[in-house]
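I opened my notebook to record what I looked up in this structure, entry by entry. Each entry keeps to what can be read from the model.

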Amino acid sequence: MSSLSPAQGPMAGGTTVTLTGTNLTGTTAVRFNGTAAASFTVNGSTQITAVSPAHAAGAAAVTVTTPGGTSSPLTFTYRAAPSVTGVSPAQGPMAGGTTVTLTGTDFTGATAVRFNGTAAASFTVNGSTQITAVSPAHAAGAAAVTVTTPGGTSNPEDPSAYFYYAAVPSLTTAAPVSGTTAGGTTVTLTGNNLLGATAVRFNGTAAASFTVNSSTQITAVAPAHAAGAAAVTVTTPGGTSNPLSYIYLSAPTLASLAPAQGPTHAGTTITLTGTNLTTTTGVNFGSAPASFTVASPTQITAVAPAGLAGPVTVTAVTPAGTSNGLSYTRTDAPAI
């Protein structure tokens, strides 16, 4: 004989091997290391197709016997089936594109890597124990990763050979929706598919910290940021969410009160002038709250509450914090 093709196959046998040579007519036996082929067909004087029998892993001498004698041997290699023992990373987006390192045994000569039967976008055999494969697109959920070689296909039921396709996260609400430019505000993010979050960002700046409470909720601490709107996103192995708007507010300041004094009884209208007053949530005279109206980002009108004679500190409160205090002095009414 002069050649055989293919020259390798699984230990279980069943590979159809084409043997080429001369004087093959009348063949009475084809043997693999002395074990008879499962079957064979003489196609002509120069060709036989034989089905390999089961055999231990390793090289087997293939011979053909005719009434004229037994041929010189050719080598057919029995290959052990590959096994996948590790997948890293073990999860990625439904869109595919994740470079996954597979570890295992008997990867040499791999002809296919599949994720739940879908061919990998590409793969490279790094050695007999390692393959790098790019995940294909797939629906959310677990996918069995298999490797096929001339020795067979790895076991798809092995729990260590699964890759999890994660759905893209989505956000629906953030609460509160604003905070100080200094950061430090705890923001509750609500949405879907938030498990496994690897990052929460405010305009690209990582949150000071975050905790994944469930698949639908994350609490994150806002980082420091310039005043203005910031897009809040969550990243998981499934991708990056849609953005939600979070407003960074500068702390309020007060520059003047007019008038800066009044009676001890309630009712005096005071004009507070300053900066960053648009989102004012409270005006306090000492510890006493006052009714107020925001006139503009720089002006509030407040009605002084009743109090004892003497100075009292007036402050404005916004989601960004409490302003500096200015003094308002109450005086007793004259008596005769």
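The entries below go from the whole chain to single residues.

**Entry 1: ground rules.** I noted that this is a predicted model, in which local features need pLDDT of at least 70 and side-chain atom pairs count only at pLDDT 80 or more, while totals for chains, interfaces and linings use all residues. Residues are numbered from 1 along each chain as its sequence is written, and side-chain values use heavy atoms, with hydrogens and water left out.

**Entry 2: overall form.** I looked up the secondary structure and found zero helices and 39 strands, where helices (H or I, at least four residues) and strands (E, at least two) are DSSP runs numbered from the N terminus. The radius of gyration is 39 Å, well over the 20 Å that the globule rule gives for 336 residues, so the protein is more spread out than a compact globule; the radius is taken over C-alpha atoms, and the rule is 2.2 Å times the number of residues to the power 0.38. The C-alpha atoms fill a box of roughly 145 × 25 × 25 Å along the principal axes. I also wrote down that buried residues make up 38% of the 336 residues, with buried meaning under 20% relative accessible area, exposed over 50%, and partly exposed in between (1.4 Å probe, protein chains only).

**Entry 3: aromatic pairs.** How many aromatic pairs does the structure hold? I found nine, counting rings of Phe, Tyr and Trp (its six-membered ring) whose centres lie within 6.5 Å, with planes under 30 degrees apart called stacked, over 60 edge-to-face and the rest tilted. For Phe-32 and Phe-76, the ring centres are 5.6 Å apart and the planes stand at 85 degrees, so this pair is edge-to-face. Phe-32 belongs to strand S4 (residues 29-32) and Phe-76 to strand S10 (residues 74-79), which places the partners 44 residues apart. Phe-32 is buried at 0% relative accessibility, and Phe-76 is also buried at 0%. I then turned to Phe-202 and Tyr-248, an edge-to-face pair with 6.5 Å from centre to centre and 70 degrees between the planes. Phe-202 lies in strand S24 (residues 199-202) and Tyr-248 in strand S30 (residues 244-249), so the pair ties together parts 46 residues apart in sequence.

**Entry 4: two loop residues.** I checked Gly-184 in the loop between strand S22 (178-180) and strand S23 (186-192), and it counts as exposed at 52% relative accessibility. Leaving out residues up to four places away in sequence, Gly-184 touches Val-221 and Ala-222, a contact being heavy atoms within 4.5 Å. Ser-241 sits in the loop between strand S29 (239-240) and S30, and counts as buried at 7% relative accessibility.

**Entry 5: backbone exceptions.** I reminded myself that most residues other than glycine have a negative phi, and most peptide bonds are trans. A cis peptide bond joins Ser-5 and Pro-6, with omega about -5 degrees, and another cis bond joins Ser-88 and Pro-89, with omega about -5 degrees. Asn-33 has a positive phi of about 55 degrees and lies in the loop between S4 and strand S5 (35-36). Asn-203 has a positive phi near 55 degrees and is found in the loop between S24 and strand S25 (205-206).
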